[in-house]
Structure formats: C-alpha cells, structure tokens
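The sequence and the model are shown first.

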Amino acid sequence: MATKDLGIILHGATGRICSTQHLQNALAPIRAEGGLPVGDDIVMPRLLLVGRNEERLVEIARANNVTDWTTDLDAALADPAYSVFFEAAATHQRLAALGKAITAGKHIYTEKPVAPTVAEGLSLLADVEAAGLKHGAVEDKLYLPGFLKLNQLIEVGFFGRIVGFRLEFGWWVFDGKDTPSQRPSWNYKKSGGGGLLSDMHPHWRYVIENMLGPIRQVAATAWTAQPERIDENGDAYQVDVEDSTTTLIELANDAFGTIQSSWATRVRNDDLVTFHVDGTAGSAVAGLRRCWAQSAANTPIVRGFDLGAEANTGKDGADYLDDWREVPETVAYKNPYRVGWEGFIRHIVADAPFVSDLRAGIRDVQLAEACSQAAAERVWVPLPQH
Ligand SMILES: NC(=O)c1ccc[n+]([C@@H]2O[C@H](COP(=O)([O-])OP(=O)(O)OC[C@H]3O[C@@H](n4cnc5c(N)ncnc54)[C@H](O)[C@@H]3O)[C@@H](O)[C@H]2O)c1
C-alpha cells in the first residue's frame, strides 16, 4: 500500500467547530491512525491551519500534532501542495472565502449554511462545476447514532405507513446579563450571518428529506424571545434575528410534521434534539445517541384523560415511558464529522459518490430561506427541487 498526502487547508481553524469536531475528533485521529485506507492506498491528510489569532493557532496546531499554520489566507490558497479548501470560519465571510478558493483551483468542503441565499449558492455551484472541481457540504447530523438507529427502523419498514413527525431542538441560551451567554454573539446578529433558521434548519432539511422523503411545502413562524443580549466584551446589543421558530412541513408523501427550534426553551425531553416519527405499525423517538421504539403490539390502549382515584394523591396512574423499548446498539458508531471527512476524502481521491455535495447544501439553505419567507409573509411556501 502506498501512502499519498492530501493537502487540506482548514479555514477557521481556531473556531469552536473546526478545532474540536473537524480537527480534534476527525482529521487528527485519522492522521494518528496512519491515514485513511482508500482502495489500495492510504491517504494521509496534510493539514494547513488558517486563522486570525497566531497564539490560538500555535496552541491548536500543537494540541493536534499539526506543524503548518498561517494567518495569511491568500498565501495558503496560493500553495499548490493543498488541493482541498475547508471552510468553517464565521458564516458571514463564507461566500467570499469559497469564491477565492474556487478561483485558486481548490476542491471545496464547507460548513453550513453553504451560502446566505439559494441564488448565491447556485452561483457558487455553477463556478465550482465550471472549474471542474469537487465539492461537499457538512451534513453531520445524518450520522448521529440515534438518528442512524431511527433510519434503520425506516429502512426495515418498522413504521408501516409514516403518518407524521415532530423534531424538537433547543435549550436556554443565556442573554449574558446575569450568566454569560454560551454562544458567540454573531449568532444573534444579521450582520454576522446569525439567526436560528439559517443556523439549524439546514440540518433539519437533510435529516428529514434523507429519512422521510422530499418536502413539498412549509409554513413557519419565527420570533425573538430575548431581544437584548450582552456580547463577549460585556456590551449590550439588540438581537435582530429570530431565536425561536415553529415550522409546519408537508411531505411529498402527504404526511405532515413540525419542527420546534428554540434558543429560549428549557430542556425536558429525552435529549437536546428529539426526532419523533409516527407510523401505522409503530413509532420511534431518536435523540443524539439513543433511540426508543414502540410497535403497534406494545401500544397501550389510552382511553383519554382519567386521573381516577390517583387524582387525590397527586400521582397519575400510568407511566407512558414504560411502553417504549430502546433500540440496541448493534454497530460501533464513529464521530459524525469524521464520517463526513472519510466520505469526502474518498470522493476526492477515488471519485466515490458523496451524497452531501454543494447542491445538497444549497437545498439545506432552501429550507431555511423558504421558512423565513413563510414566516414573513404568513403563507405556505413550496420547496421545488433546483
Ligand atoms: N455542523 C454543525 O453542526 C455546526 C455547528 C456549529 C457551527 N457550525 C458552523 O461553523 C461555522 C463556525 O461556527 P463556530 O461555532 O465554530 O463559531 P466560532 O465563533 O467559534 O468560530 C468562528 C471562527 O471564524 C473566525 N472569523 C470570524 N470572523 C472572520 C472573518 N471575517 N474572517 C475570517 N475568519 C473569521 C473566528 O476568528 C473564529 O475562529 C459557522 O458557519 C456555523 O454555522 C456548524
């Protein structure tokens, strides 16, 4: 087996998602294990970290056994030793960075959202295709162990006919007044590319369509629960994007579902995200790691609200959680971002099919955009395939 280097520029290397998930949990382990076997070869990612803070770059490079870093993006793009450009810096600068990388002849792999609008995404796609370069979008939630288990139930026909779903996501993000906010302030500013719809709906698009089929149309509301926040410097700012949304989705197979997403809710659910699917033969709920199912045979006969004698004691007689069975873990799961990287590297070096291409990433943006429009105009918005 021959070992071949694959040069990858990581832009936004000092950011949270790039330094942890993409570097520490995906690329660094692949390198530490001696590379990724692809056909008869081993592919060794050769990394160049790009960021703006030298001190942080040195620290992250050292922690992950990487020798090359720079604060000069243009110099990195000019280096022919690197054929892939990965974009994970702040959202508002993404389009420009990807455009530069395409001009420099790099294959591109990008965090979500891939572009601010569908139109800009399609123009980027035209450019990358015209240049004969490869492209990919991060769609990591497809590989969450809980969602993989749920998907397996779909594939074996566990649900019968799927009749509905609900996807619930969120937690309380402090406004920074008494307790520091646990998310960077750009997430709550239009100028920073923030907003809950463009942040999380791209994920929900690929999760829903890959598992349940095409979305036909959407209706949505979006609002701002916490209009004033304190930023990293202790300064107050006005939030000019939504931090809470509710979406109604009609699938092409005539089933309906909802997405409830919020940075202003307190968790009392099985997990930070739960995907609940109901079918004629069974239902299941997936969290990040675990999944619980209830078949038709295990479905209790609920007769309605009846507190009975227990009402006097303040206790309800039934525990509805008893009728759910946990779906066992039958395979070893990998970090979802690593699954994405392995797929993209195989796509680059061996032309293996890669489902999460830029077109898929644009479709992810399309759901967010359609929901923004639906919320602003208070109408149903169709989601045609581009
Ligand atoms: N796939 C996922 O689940 C997931 C999760 C979190 C974030 N993300 C995406 O990853 C991106 C980064 O998010 P994060 O949470 O790591 O944010 P972050 O704020 O931790 O990191 C952003 C990085 O961008 C850099 N940056 C800011 N402005 C810049 C500019 N003008 N030019 C160059 N670099 C600049 C910052 O220095 C920082 O290193 C966002 O687009 C976000 O939507 C994806």
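Which residues are buried in helix 4 (residues 94–103)?

The model is a predicted one, in which local features need pLDDT of at least 70, side-chain atom pairs count only at pLDDT 80 or more, and totals for chains, interfaces and linings use all residues. Residues are numbered from 1 along each chain as its sequence is written.

In helix 4, the buried residues are Arg 94, Leu 95, Ala 97, Leu 98, Ala 101 and Ile 102. They lie on the same side of helix 4 because they cover an arc of only 165° around the axis; the arc is that of the directions from the helix axis to the C-beta atoms. A residue is termed buried if 20 or more other C-beta atoms lie within 10 Å of its own, exposed if 12 or fewer, and partly exposed in between, with C-beta atoms placed from the backbone. Helices (H or I, at least four residues) and strands (E, at least two) are DSSP runs, numbered from the N terminus.

The exposed residues Ala 96 and Thr 103 are carried by the face of helix 4 turned away from its buried side. The cover over the buried residues includes strand 1 (2–11), helix 3 (73–78), strand 5 (84–87), strand 6 (107–110) and helix 5. After helix 4 comes Gly 105, with a positive phi near 80°.

## Ile 108 in strand 6

Strand 6 contains Ile 108. This residue counts as buried because 24 other C-beta atoms lie within 10 Å. Leaving aside residues up to four places away in sequence, Ile 108 touches Phe 85, Glu 87, Leu 98, Ala 101, Ile 102, Val 128, Leu 133 and His 135; a contact requires C-beta atoms, placed from the backbone, within 7 Å. Gly 136 is 28 residues from Ile 108 along the chain, and 6.4 Å separates their C-alpha atoms.

## Helix 6

Helix 6 (residues 145–155) has Pro 145, Gly 146, Phe 147, Lys 149, Leu 150, Asn 151 and Leu 153 as buried residues. These pack against helix 7 (196–212), strand 14 (273–279), strand 15 (282–286) and strand 16 (291–295). Gly 157, which follows helix 6, has a positive phi near 75°.

## Ligand shell

The ligand is surrounded by 19 residues, of which Gly 15, Arg 16, Ile 17, Ala 89 and Ala 90 are the closest; a residue counts as near if its C-beta atom, placed from the backbone, lies within 6 Å. Helix 1 (residues 16–32) gives the most to this shell, namely three residues. By class, the shell holds seven nonpolar, six polar and six charged residues. Here Ala, Val, Leu, Ile, Met, Phe, Trp, Tyr, Cys and Pro count as nonpolar, Asp, Glu, Lys and Arg as charged, and the others, Gly among them, as polar.

## Domains and overall fold

The chain divides into domain 1 (2–138 + 335–353) and domain 2 (142–333 + 365–377), with bounds from an automatic or database domain assignment. Their centres, taken over C-alpha atoms, are 29 Å apart. Domain 1 and domain 2 contribute 13 residues each to the contact. On the side of domain 1 that touches domain 2, helix 5 (118–130) and helix 8 (336–350) each supply at least two residues. That side comprises eight nonpolar, four polar and one charged residues.

In total, the chain has nine helices and 18 strands, and 41% of its 386 residues count as buried. Among contacts between residues at least 6 apart in sequence, 71% join residues at least 24 apart.

Methods. Contact = placed C-beta atoms within 7 Å.
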